[in-house]
Each structure stands twice: as structure tokens, then as C-alpha cells.
Amino acid sequence: MTGTAVRTYGTTDRGRDLRLDLFRGLALWFIFVNHIPANQFAWLTSRNYGLSDATEMFVFISGYTAAVVYAKVYAQYGWGLAAAKALHRSWTLYVTYLLLFMAFTAQVAYTAHVFDNPLFAEEMGILGFFADPSLAMAQALLLKFRPANLDILPLYIVLLLVFPLMLPLLARRPLALLAGSAVLYALTRRYGWNLPTYPEGGEWFFNPFAWQFLFVLGAAMHHLPALAAVLARPRRWLTVLAGAYLLASLALAVSWQFASLSAWMPQGLAELLYPISKTDLDPLRLLHFLALAYVVLQIARPDSAWLRWPAAAPLVACGRQSLPVFCLGIFLSFAGQTVLVQVNGSLFVQFAVTIIGIAIMTLTARTLAWYQTAARPPRAPATAIKDTGT
Amino acid sequence: MKPLAAALLLLAAGALPAGTAHAAAEDPCAIPDSILTVDAALPRVQERIRNSRTLPVLVISSAKMAAGRTAASYPEQLGRELSNRLSGHKVTVSVRSAPGATTQEILPVMEAAMAQERPALVVWQVGTTDAMRNIGPDAFGTALASGIERAHAGGADIVVMDMQYSLQTSQLIALQPYVTYVEWVTQNAEVFHFPRYEMMRHWIDHGRVAVDAESPSEKLKAYSFVHGCVGRLLAETVTAMIDRAAEAPQ
């Protein structure tokens with residue numbers, strides 16, 4: 001039974017939008033690189049050149065592909081199996097989160113001597129936030145104790161957790177679901193709703209009540225292909241407008257990197273713009289992502305030849321195995337930072353960690369793809385599916 | 001893979017800060033302009049100096065200062081350096097700290113201390129506790145803006161100092177979003193952001209200081225280096241901003 005389901009939405013090239021795989025792969029690489037705090041090569045990633053970053057890309061495409069995968073199962077096998085599959089994925093993420101929590105705990109013990117240095121102990125305490133390990137452990141199980149730099153994982157966990165509840169509405173009334181999601185987003189921004197963290201007083205860095213909008217937007221775009229096509233249609237004025245917004249964002253983002261440039265920032269503009277909340281998915285970030293998506297869609301057509309270039313293949317491979325590669329990437333970024341901490345933080349090691357991490361992600365994605373095809377029992381009547389594909 | 005690696009390397013070479021070229025400068029504390037640029041003035045300090053030839057400084061922090069080390073700490077260094085630079089003026093530095101307090105929680109402490117000390121300049125060290133306790137960056141930014149307003153209302157100029165940096169601590173505490181908020185809020189309020197996080201990162205990346213030492217003497221060396229440099233550069237920027245205020249048309 002599982003074999004049938006896998007085959008139905010499996011890895012055949014036919015009808016699969018390579019752009020989804022490519023840009024999700026790119027987002028996964030960026031997330032990996034960005035989550036190594038000491039990595040200078042994070043300069044290469046999109047967050048330094050605009051308001052939105054890989055998170056927006058990843059959440060939107062995840063919403064879109066979740067709709068591709070689960071809506072199909074839902075249509076063919078009913079709600080039960082689709083829900084079970086989504087929950088299974090959510091469970092995988094949760095296990096990854098707990099694994100990372102263990103790695104985090106081990107790292108805390110390793111670096112304790114740094115916190116014991118008066119330089120840091122004075123301001124940070126001697127790991128004051130780890131004063132009660134038993135409580136921290138229990139809070140970690142509840143996703144309330146948050147290891148640093150892992151916040152995107154709990155967001156994805158809850159999004160997949162509630163996705164089965166959205167499925168029926170998504171299948172029948174995608175616009176209604178999108179409207180409901182937009183209302184929740186607006187109310188969240190208005191009233192500041194968020195989930196709590198441990199220790200008391202904190203909140204989720206990626207507010208799921210706000211970020212769900214981008215996820216649902218992706219899912220709804222899959223179910224409203226006509227609307228999506230109208231929105232993405234080439235228009236000169238919209239391209240110019242989007243391009244201008246991207247350029248303005250670029251100037252802004254670059255000004256944050258250089259103190260000497262930020263001195264030139266006009267006072268009134270700063271007051272108007274800041275803060276640009278990442279936690280609550282600021283509309284300026286959302287707009288930046290949409291502008292970026294529009295411009296990219298003008299360049300990347302479904303039949304663009306460059307999507308099939310060998311250079312794009314590693315990205316496509318990673319994007320195609322998104323869930324395991326995402327988990328692996330988060331783990332590798334933690335491991336990478338550990339290497340920089342324990343061994344050597346030089347520029348060369350940063351470069352090596354970046355390249356080796358991306359290589360491991362790509363290799364794993366390829367291995368998984370091979371495993372999925374190889375482990376599948378050989379079956380003759382493959383022609384039967386071909387016809388339904390188009 | 002190879003052409004990709006080469007492309008990454010090329011791009012990186014272009015994208016990395018250019019400040020590394022003259023890293024051989026004599027002063028181990030030296031920080032490039034791309035990190036530390038004086039972009040604000042201190043009109044209230046300037047006025048106080050002109051009228052009374054005094055500069056009372058108040059340091060607000062969430063640190064737990066150990067009794068034995070105060071002489072090496074940055075507030076002490078700041079006082080000494082400022083006195084040297086402003087000869088003929090009476091410089092005093094007092095420190096109020098509320099260990100483990102968030103930015104919101106420290107606001108009343110700051111207000112009480114201001115009423116008592118009547119400082120012309122407040123140096124506010126922020127963010128560490130907020131990051132460790134996952135306080136929402138938005139709430140942190142709001143509290144920070146409110147503190148700056150209160151300092152100005154109390155007749156003092158303010159300098160905001162962000163968090164400390166190390167490879168090890170940044171793995172366990174996500175400080176960067178809070179540093180970004182400090183930059184935004186200070187820019188909105190036109191006050192000076194003293195970028196300690198990026199400065200320490202610069203020193204560590206360029207091998208000026210090693211913070212992962214195990215022996216007590218090495219630890220003390222790192223402590224003295226960082227606090228010494230922070231105190232001196234803070235004094236340098238404060239005097240630069242006083243001069244700026246003096247030049248600006250009133």
C-alpha cells in the first residue's frame with residue numbers, strides 16, 4: 001500500500017516542477033550556511049541582500065509542496081491517510097529536534113569553561129539558563145526550551161501538525177482557507193499573539209501564527225493554478241516596480257552591514273521602516289519575498305533549460321529530498337559550528353565546513369533518491385501511471 | 001563540484017570586509033570603520049561640560065561585576081581614559097547593575113539611578129539577558145526605545161552597548177537578532193550604538209585575543225584585553241562625539 005502511494009507522487013520527472021526543487025534546495029543550503037553563527041560565508045546568502053531570507057523561500061515552497069503531496073493522497077485515499085502521512089513527517093521533525101537538543105546539551109557541557117571565564121560569566125552567568133536541567137529537559141519535550149539557532153524546526157513541526165486540519169478546506173475552498181489565514185496573520189500582528197518559551201517571558205522566534213500565512217499562501221497557490229498564473233503573468237510595470245523594491249531593499253540591507261554606510265541613512269526613513277520584525281513576518285519582508293518570487297518567476301520558467309544544467313543538479317537533488325535534507329542541514333550547521341569552536345575558527349576551516357556540509361547534504365539526497373528507487377520492488381505495469389500524469 | 005567551489009571562493013573574496021588588509025596596525029584594539037563609525041553627537045554632554053566642566057557618567061548593565069576585578073573593568077577604564085582626554089574636567093563614572101534583568105526589567109533601575117546621579121551620559125549595556133531568555137526581539141526593541149527616551153527626558157545623552165561575542169557563546173545563545181534591533185532602534189533615536197559584538201568578533205577573528213583559554217591567568221588576560229579596549233575605544237568615541245557636538249551649529 002505504501003509502495004503505491006510513494007509511486008503516485010514519487011520522483012518521476014514527468015509533471016514535476018523543477019523550480020520548486022531547485023529553489024527549495026537553494027533555501028536549504030542557505031539555511032545551513034546561515035545557521036553557523038561564526039561562518040563568514042553567510043555573506044553569500046540572500047539575507048544580506050534584501051529584507052526577506054531563506055526562511056520565507058523555504059516556508060512558502062514547503063506549503064506549496066505539502067499541498068502537492070498531501071492533497072493528492074487526500075483525493076485518492078481520503079483524509080485518514082493524508083493526515084497520517086503529514087503527522088509522520090511532523091514526527092520525524094520532532095525526533096530531529098530532540099536529537100539536536102541532545103547535541104546542544106553535550107555542547108553546553110563542552111563549552112562550560114568559556115562561560116566560566118569572568119569575561120562572559122559576569123554578563124551571561126555560568127550557564128544560568130541551564131540551572132535546572134530536569135526542567136529544561138521537560139520544557140524541551142514541549143518545544144518550549146529552545147536551543148539557539150534551531151527555531152525554524154519547531155515552526156515547521158507545528159505547521160505540519162495542523163496541516164491535516166486545513167486539508168479539507170484547502171481541497172474544497174482554497175480561497176476561504178487563504179482568507180482565514182490572512183485574518184489570523186492580521187490579528188496576530190495587531191494583538192501580538194505568540195507561543196511561549198522557557199524560561200518564562202520568552203516567545204517563539206518564528207511566530208507560527210504569523211508564519212502560517214506564507215505556508216498557506218504556498219498551499220493555496222497550488223490549488224488555485226489559474227489565479228497563480230494570472231499573478232505571475234509577465235507585466236512590464238510590475239517587473240519594474242518589483243525590481244525597484246528589491247533594489248531599495250538591497251541598499252537597506254547593505255547599510256546594516258557597514259556602520260559607515262548606515263550613517264547615511266535618512267532619519268525619517270529609518271523611523272518609518274524599523275523595526276522590521278522577523279518574528280511576526282513583517283509585511284515589508286512578505287512584500288520583499290513576493291517581489292523576489294515575481295522577478296524570479298519571470299526568469300525561471302517551468303521549461304527553462306538552465307534548470308536542467310548539471311550545475312543545478314545538486315540543488316534539485318537536495319530540494320527533492322527536502323525533509324531529511326532540512327533535518328540534516330540543521331544538524332550539520334550545529335556540527336559545523338562545533339568544529340569551528342573546538343578545532344579552529346579560521347577562514348579556511350569556515351570555507352571547508354561550508355563546502356563539506358553542502359557536499360554531505362547533496363550526497364545524502366542522492367543516496368536517499370537511489371534508496372527509494374532501489375528499495376521499491378520491481379513492478380511491470382508502469383505504463384498505467386504514465387497516462388494519468390498529464 | 002569544483003567550479004562551484006571556485007566560484008564560492010571568488011565571491012567570498014570579494015564579499016568579505018576589506019578591513020583585513022591593514023590588520024598589521026600597531027594598536028591591537030584597532031577596529032575598522034566598517035564596524036565602528038561615529039554617527040551621532042552628544043549635545044547634552046557638550047552643554048554640561050561647557051556649563052559646569054563636569055562629566056558624570058552612569059553605566060547601566062545587567063552584569064554581575066566581581067568585586068576584585070573592578071579596576072580592570074570597562075567602566076573604570078572609561079573613567080580613566082575620559083579623565084585623560086578631558087583634562088580640567090571632573091569625570092565620574094558610577095555603575096548600576098541588575099544581574100539577570102531584561103531590558104524591560106532594568107528600566108526602573110535606570111530611572112532611579114538617573115534621579116540620584118543626574119548623569120550627563122548614560123552608557124547602557126543591553127541585550128544579553130533578553131537573548132538568553134528568548135524575549136521577543138520586538139519587545140526588546142520597544143523596551144530599548146523607551147529607555148533611550150527616558151534618558152533623554154532625564155537630560156542625559158545615551159550610548160547603547162550591545163552584547164559580547166565569542167564562537168562558543170554564539171552557538172548556544174542567538175544574539176544576532178538582538179544586535180540588529182540595537183542597530184535599528186539606535187538609528188531611529190539618533191543615538192550612538194557601540195558595536196561591542198562586532199568589535200569582539202573582529203578581535204577574535206584576527207587573533208588579537210583568545211577567549212577559550214582554560215588557565216586562570218589566560219582568562220584574566222582575555223578579560224583585561226577586552227575590557228581595556230572597550231573602555232578606551234568608548235572613551236575615544238565619546239570624545240569624538242563631544243567634538244562633533246561642539247562643531248555642529250546650535
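**Figure 1. Crossing of helix 2 and helix 17 in chain A.** In this predicted model, the axes of helix 2 (residues 18-34) and helix 17 (residues 322-342) of chain A come within 8 Å and cross at roughly 15°. Helices are DSSP runs (H or I, at least four residues), numbered from the N terminus. Axes are lines fitted to C-alpha atoms over the stretch in contact, with angles from 0 to 180 degrees between N-to-C directions. Helix 2 and helix 17 of chain A are therefore roughly parallel to each other (angles under 35 degrees). Their crossing is right-handed, the near helix being turned clockwise from the far one by less than a right angle. Helix 2 of chain A contributes A:Arg24, A:Leu28, A:Ile31 and A:Phe32 to the contact, and helix 17 of chain A contributes A:Ser322, A:Val325, A:Phe326, A:Gly329, A:Leu332 and A:Ser333. Two residues are in contact if their C-beta atoms, placed from the backbone, lie within 7 Å. By class, this contact has 6 nonpolar, 3 polar and 1 charged residues. Nonpolar covers Ala, Val, Leu, Ile, Met, Phe, Trp, Tyr, Cys and Pro, charged covers Asp, Glu, Lys and Arg, and the others, Gly among them, are polar.

Figure 2. A:Thr279 lies in the loop between helix 14 (267-273) and helix 15 (283-299) of chain A. With 21 other C-beta atoms within 10 Å, A:Thr279 is buried (20 or more such atoms). Leaving aside residues up to four places away in sequence, A:Thr279 touches A:Phe205, A:Phe206 and A:Asn207 as well as B:Gly136, B:Pro137 and B:Asp138. A distance of 8.3 Å separates the C-alpha atoms of A:Thr279 and A:Trp211, which are 68 residues apart along the chain.

**Figure 3. Contact between chain B and chain A.** The contact takes 59 residues from chain B and 54 residues from chain A. Helix 8 of chain B gives the most to the side of chain B that touches chain A, with 8 residues. The residues of that side divide into 29 nonpolar, 19 polar and 11 charged. The predictor gives the complex an ipTM of 0.83 and a pTM of 0.86.

**Figure 4. Confidence along chain B.** Over residues 1-24 of chain B, pLDDT stays under 50.

**Notes.** Residues are numbered from 1 along each chain as its sequence is written, and chains are lettered from A in the order in which they are written. In this predicted model, local features need pLDDT of at least 70 and side-chain atom pairs count only at pLDDT 80 or more, whereas totals for chains, interfaces and linings use all residues.

Key
Helix = DSSP H or I, 4+ residues; strand = E, 2+ residues; numbered from the N terminus. Buried ≥ 20, exposed ≤ 12 C-beta atoms within 10 Å, placed from the backbone. pLDDT = per-residue confidence, 0-100. Parallel < 35°, antiparallel > 145°, perpendicular 65-115°, else oblique.
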